[in-house]
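I opened my notebook to get to know a new structure, one look-up at a time. Come along and check each entry against the view.

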Amino acid sequence: MLPGWRRACLNIFQRHQKYASIPWQGIPLAVRLFATTPCARAKKLVRVEDFERDVIRNFSIIAHIDHGKSTLADRLLELTGTIERAQKGLNQQVLDKLKVERERGITVKAQTASMVHPFDGRKYLLNLIDTPGHVDFAWEVSRSLAACQGALLLVDATQGVQAQSISVFNVAVERGLKIIPVLNKIDLPAAQPEQIAVQMQAAFGIDPEEVIQISAKTGKGVDAVLRAIIERIPPPTGEATAPLKAFLFDSSYDRYRGVISLVNIREGVLRKGDKIASCYTRKKYEVTELGIMHPEEVPTTSLRPGQVGYIACNMKESSEAHIGDTLHRAGVPVEPMPGFKPAKAMVYAGVYPIDSNDFLKLEESIKRLTLTDRSVEVTRESSTALGQGCRLGFLGTLHMDVFRQRLEDEYDANVIITAPTVPYKVVYHDRVETVSNPTEFPDVTDSTNRVVEVQEPIVKASIIVPQEYLGEMMDLCFSHRAEDLDHRYLDSSGSSGRTILTCNLPLTEIVTDFFDQLKSRSSGFASFDYEDAGYQPSKLVKMTFLLNNKPVDALALIVHRSAEQAVGRAWVKKLHKIIPRQMFEVPIQAAVGRRIIARETLSAYRADVTAGLYGGHHERKLKHLNNQKESKKRMKRVGTVDLPQEAFYDMLKTGKSS
Ligand SMILES: Nc1nc2c(ncn2[C@@H]2O[C@H](COP(=O)(O)OP(=O)(O)OP(=O)(O)O)[C@@H](O)[C@H]2O)c(=O)[nH]1
């Protein structure tokens, strides 16, 4: 065999999206070839016809970040023989497929996996839908829960109930899901299962007797979880003979097969070759492939009521797969099921290529990435300082960070991200405008602009923290303009007992450094969650920065009146440190409207024009110095200060903590 041919073969497998998650290194070529043949996959073929509705369970694992969802998912997949048992101590994290997920140890994109488990003489089909834990990905959580009848509420036995545990619990209860409470990490010496079970009772009204104690790491107690899934979660409803109704809850893009949609069959049976139509777009398709996630795609002959699986149906554009859509048999229309509220961007930022010639490449990469992350909003924008770029809307700052990292990891992009801003509402005499870019924010101090008021987004925040840090947390909230602050105790075990603190906070206050301060001022013990609480009028102004009396658009900020002096001074100082000295003196100013509120002066380089004059008359020296002064004045008049890209990068990086 030619070595070149061999290499080409390997490349094809490694690049093929479907097999990209498999660690191919070290596996002999013959095995790789066989593993990807239809014959090998067919061996795994699951006859879904064998599973009637009453032996199907659709469930999800919900928890605060890092409480062990992905680890428990691994153990469940192993225990049911869906994947090979990992070597002792090795964490497989089969469902965390993205590189950023594995590196950061967080789940960003919900994945789905089906398992077959024998119980009481019958074979059960268990469909697990993994969910992310972080607040920013709450949209993914509610999307996953729409396809389930039950949820495992996982709580870390060392950390106890955290803010996100409460918010995901509320979403699950709202959707009428059966909750199975599970206490994880009981193998750790710091675990306090009894005390945390009492906390769960106070926070969720759960009977401590119902709580299953496990260690997802060692596998202890995980079989009891499997039993509880089968015994406590109700089977899905829906009749095989009814007209087809399939709920589309996720989609991804495959270069070769087009859009792959994840669906939950609510009524009827879907088979390969069936002609289907979308309630939302009214377009018609033919099902070319369908199957279940086991945990990789495994083709099946049909999908039946209650089942969760993937379909490929010659959908070319990812925009055709509308999340929350109902698919039905072509020519047999049905009433669409209630869909999802679309994801709402909470944080906006400009993304620019470091080298402005790379814009088209960057735009293409962003487009491709948004195919797998549909919650990102994209529009084009341009800035005189940074050139052509895109304005992106994210669900939160972590979401923004993860998106940037994915751009860098998966598309090799080098980008500058501007300071994050939130969407403001500007109320004029005759209209209301939403502004998410500081450069478009009007000068409210100028009465000719006819601005009646400016409103900013508010969130209802909850913080769970040991009592000893309560004072510190209240202080933090007040310094971020908190209102309606309230607190209640979750348990009564002295200063280490947990308290839940709630307040209303402006969203803009938490998109900069709030998380970092929360973690450092509570020694990492506080957890934080928030939900949208509408808009409220606020005294906001646009701050611009001038270099040599010319405004730099990419540095514009929207700040609260009470903070304008402090922010203006801090940024001007930072600019002074970062900007390289020029041939002429450069004033660096922060301005609100026409008012200059802070100023620093960058002194000029001074060439010693008298160096070549040995001796000579005093007036001759003076003449040279005066000439120099004149030419500097001229330079200053016409000179523009170019802020180098690196300075921008530093500025925006450090700007986050201002
Ligand atoms: N000692 C111990 N560690 C555990 C256990 N379960 C999970 N962990 C560890 O806890 C960390 C977080 O686990 P993950 O499974 O990644 O948590 P997750 O909830 O999926 O996290 P997100 O996906 O970010 O929401 C990992 O380092 C796990 O090895 C357990 O039962 N015992």
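Here are my entries, from the whole protein down to single residues.

**Entry: the whole protein**

I began with a reminder to myself that this is a predicted model. I then looked up the confidence, and the pLDDT of the protein averages 79. A score of at least 70 is reached by 79% of the residues. For the complex, the predictor gives an ipTM of 0.97 and a pTM of 0.67.

Next came the inventory. The protein has 17 helices and 31 strands. Of its 658 residues, 40% count as buried. I looked up the contacts with a separation of 6 or more too, and 70% of them join residues 24 or more positions apart.

How many residues of H4 are buried? I found nine of the eleven, so H4 is largely enclosed by the rest of the structure. I wrote down the buried ones: Lys69, Ser70, Thr71, Leu72, Ala73, Asp74, Arg75, Leu76 and Leu77. Just after H4, I came across glycine 81, which takes a positive phi of about 75°.

Then I looked at how H4 (residues 69-79) packs with H9 (residues 222-232). Their axes are 10 Å apart, at an angle of about 80°. That angle makes H4 roughly perpendicular to H9. From H4, the residues Arg75, Leu76 and Leu79 meet Val222, Asp223 and Leu226 of H9. Sorted by class, this contact has four nonpolar residues, no polar ones and two charged ones.

**Entry: isoleucine 229**

I stayed in helix H9 and picked isoleucine 229, which is found there. Is isoleucine 229 buried or exposed? I counted 23 C-beta neighbours inside 10 Å, and because the cut-off for buried is 20 or more, isoleucine 229 counts as buried.

Which residues is it in contact with, leaving aside neighbours within four places in sequence? I listed Arg57, Phe59 and Leu126 for isoleucine 229. I also checked isoleucine 179, which lies 50 residues away along the chain from isoleucine 229, and their C-alpha atoms are separated by 9.7 Å.

**Entry: helices H10 and H11**

My next pair was H10 (residues 359-372) and H11 (residues 397-411). Their axes come within 10 Å and cross at roughly 110°. That makes H10 roughly perpendicular to H11. I noted the handedness as well: H10 passes H11 in a right-handed crossing.

Which residues meet here? On the H10 side I found Ser365, Ile366 and Leu369, and on the H11 side Phe403, Arg406, Leu407 and Tyr411. The residues of this contact divide into five nonpolar, one polar and one charged.

Aspartate 412 is not a glycine, yet its phi is positive, at about 60°. It has 9 C-beta neighbours inside 10 Å, so aspartate 412 counts as exposed.

Asparagine 549 has a positive phi of about 70° although it is not a glycine. Asparagine 549 is exposed, with 11 other C-beta atoms within 10 Å.

**Entry: methionine 473**

Is methionine 473 buried or exposed? There are 26 other C-beta atoms within 10 Å, so methionine 473 is buried.

What does methionine 473 touch, not counting residues up to four places away in sequence? I wrote down Ile463, Val465, Leu501, Ser522 and Ala526 for methionine 473. I also looked up arginine 521, which is 48 residues from methionine 473 in sequence and 7.5 Å from it in space, C-alpha to C-alpha.

Technical notes: Residues numbered from 1 in each chain as written. Predicted model: local features only at pLDDT ≥ 70, side-chain atom pairs only at ≥ 80, totals over all residues. Axes fitted to C-alpha atoms, helices over the stretch in contact; angles between N-to-C directions. Helix = DSSP H or I, 4+ residues; strand = E, 2+ residues; numbered from the N terminus. Parallel < 35°, antiparallel > 145°, perpendicular 65-115°, else oblique. Left-handed = near helix turned anticlockwise from the far one by under 90°. Contact = placed C-beta atoms within 7 Å. Nonpolar A, V, L, I, M, F, W, Y, C, P; charged D, E, K, R; others polar. pLDDT = per-residue confidence, 0-100. Buried ≥ 20, exposed ≤ 12 C-beta atoms within 10 Å, placed from the backbone.
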